[in-house]
Amino acid sequence: MDRPYIFCHMLTSLDGKIMGSYMDTAEGETAGNVFYNIAFGENPYYKHQGWLSGRVTTDDNFTFYEVPALNEDAPAVPAGDFVAEENATMYYVSVDPSGRLGWKSSELIYNDTHAHVIEVLTEKAGNAYKAFLRSLGISYIIAGKETLDYGMAMKKLKRLFGIETLMLGGGGILNWSFIQAGMCDEISVVIAPAADGSSETPALFNAKDNLAS
C-alpha cells in the first residue's frame with residue numbers, strides 16, 4: 001500500500017459528541033485517560049508514527065487561534081514540499097489547506113508525547129506562510145490546488161516521512177472525509193459514560209455543510 005494504514009481513534013460521549021461539557025466530568029476524565037493510553041501510553045495498542053487532525057481541532061487544542069506572524073516581504077521559498085525532520089519518533093500532522101495556524105514551535109507536546117509538526121497545505125497557502133513555517137522548522141507538504149488531495153497527502157506522508165501507521169483524530173468533518181474517500185482502515189472509539197445533549201457540539205462524523213453522500 002502506497003499510503004499509511006489509517007485508524008480513527010476518538011473519545012466520544014454516549015451521544016457521539018467529540019467535545020462538550022461531559023469531558024470535564026469524572027467519567028469523561030477517566031475515559032480520556034483510557035483514550036490516551038491506548039494510543040500514547042507506555043505500552044500503546046497502536047504503534048503509529050503520527051496522528052492527524054484538522055485545523056479547527058488543532059486550534060482548539062494546541063494553537064489556540066493565535067495569528068501567525070507573517071512577513072509579507074519574505075523572500076520566495078523553494079517550490080514544493082519542505083522536510084525539516086525526517087526521522088522523528090512521532091509526527092503531528094495538521095490539515096491546514098490555506099495556511100492559517102499560528103504555530104510557535106515545530107514541536108507539539110501532548111501530555112508526555114512529543115511530536116514534530118507537519119502542515120498539510122494546498123497551493124492556496126501563500127509564500128509568507130510557508131516562509132513562516134520554515135523559520136520555525138516546521139515541515140509541510142503541498143497536496144492539491146484549491147482543495148485538499150487526500151490521496152496525494154497520504155502518499156507523501158509515507159514516502160517523505162516514513163509514516164506507516166497514522167491515527168486520524170478529528171474533527172468530525174475530517175473523519176467523515178476520510179471515510180468517504182475510502183481511506184479509513186479501522187475505527188476505535190472510547191465512549192465515556194456521560195452525555196452531552198447539545199445539538200451544537202461536533203459529533204464523531206460530520207458531513208460538511210450538512211450534506212452526506
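Mentor: Start with Tyr65. This is a predicted model, and in it Tyr65 counts as partly exposed because its relative accessibility is 47%.

Trainee: What is the phi of Tyr65?

Mentor: Positive, about 60°, although Tyr65 is not a glycine. Most residues other than glycine have a negative phi.

Trainee: Where does Tyr65 lie?

Mentor: In the loop between H2 and S3. Phe64 lies in that loop too. Phi of Phe64 is also positive, near 55°.

Trainee: Is Phe64 buried or exposed?

Mentor: Exposed, because its relative accessibility is 53% and the cut-off for exposed is over 50%.

Trainee: Which residues does a cis peptide bond join?

Mentor: Gly170 and Gly171, with omega about 0°. Gly171 sits in the loop between S7 and H5. Gly171 also turns up at the largest pocket: it is among the lining residues nearest the centre.

Trainee: Go on, then. What is the volume of that largest pocket?

Mentor: About 1500 Å³. The lining has 49 residues. Nearest the centre, along with Gly171, are Gly54, Val56, Thr57 and Gly169.

Trainee: Which element gives the most to the lining?

Mentor: H1, with eight residues. Other elements that supply at least two residues each include strands S1, S2 and S3 and helices H2 and H5.

Trainee: What does H5 pack against?

Mentor: The buried residues of H5 pack against S1, S2, S3, helix H4 and strand S7. Those buried residues are Gly172, Leu174, Asn175, Ser177 and Phe178.

Trainee: And which residues of H3 are buried?

Mentor: Ala128, Tyr129, Lys130, Ala131, Phe132 and Leu133. They pack against strands S5 and S6.

Trainee: Switching to charges. How many salt bridges does the whole structure have?

Mentor: Six. One of them pairs Arg3 with Asp185, at 2.9 Å from N to O. Arg3 is in the segment before S1 and Asp185 is in the loop between H5 and S8, so the pair ties together parts 182 residues apart in sequence.

Trainee: Is Arg3 buried or exposed?

Mentor: Buried, because its relative accessibility is 11%. Asp185 counts as partly exposed, at 32%.

Trainee: Which residue forms a salt bridge with Lys156?

Mentor: Asp81, with the closest N and O atoms 3.0 Å apart. Lys156 lies in helix H4 and Asp81 in the loop between H2 and S3, so this pair ties together parts 75 residues apart in sequence. Lys156 is buried, with a relative accessible area of 13%. Asp81 is partly exposed, at 26%.

Trainee: What about Asp59 and Arg55?

Mentor: Their side chains meet in a salt bridge, at 3.7 Å from N to O. They are four residues apart in helix H2, so about one helical turn separates them. Asp59 is buried, at 4% relative accessibility.

Trainee: Last topic, the surface. Which residues make the nonpolar patch?

Mentor: Leu14, Ile187, Val189 and Ile191, over about 370 Å². Ile191 is found in strand S8.

Trainee: And Asn87, buried or exposed?

Mentor: Exposed, because its relative accessibility is 67%. Asn87 is found in the loop between H2 and S3.

Methods:
Residues numbered from 1 in each chain as written. Predicted model: local features only at pLDDT ≥ 70, side-chain atom pairs only at ≥ 80, totals over all residues. Heavy atoms only, no water. Buried < 20%, exposed > 50% of the residue type's maximum accessible area, 1.4 Å probe, protein only. Contact = heavy atoms within 4.5 Å. Patch = residues over 30% accessible without salt bridge, like charges linked within 9 Å, V, L, I, M, F, W, Y side chains within 5 Å. Areas by Shrake-Rupley, 256 points an atom, 1.4 Å probe, with all protein chains shown as cover. Salt bridge = Lys/Arg side-chain N within 4 Å of Asp/Glu carboxyl O. 1 Å grid on protein atoms, 1.4 Å probe; cavity = no way out; pocket = protein on both sides within 12 Å on 5 of 7 lines; lining within 4 Å. Points joined across faces, edges and corners; volume = space filled by probe spheres on them.
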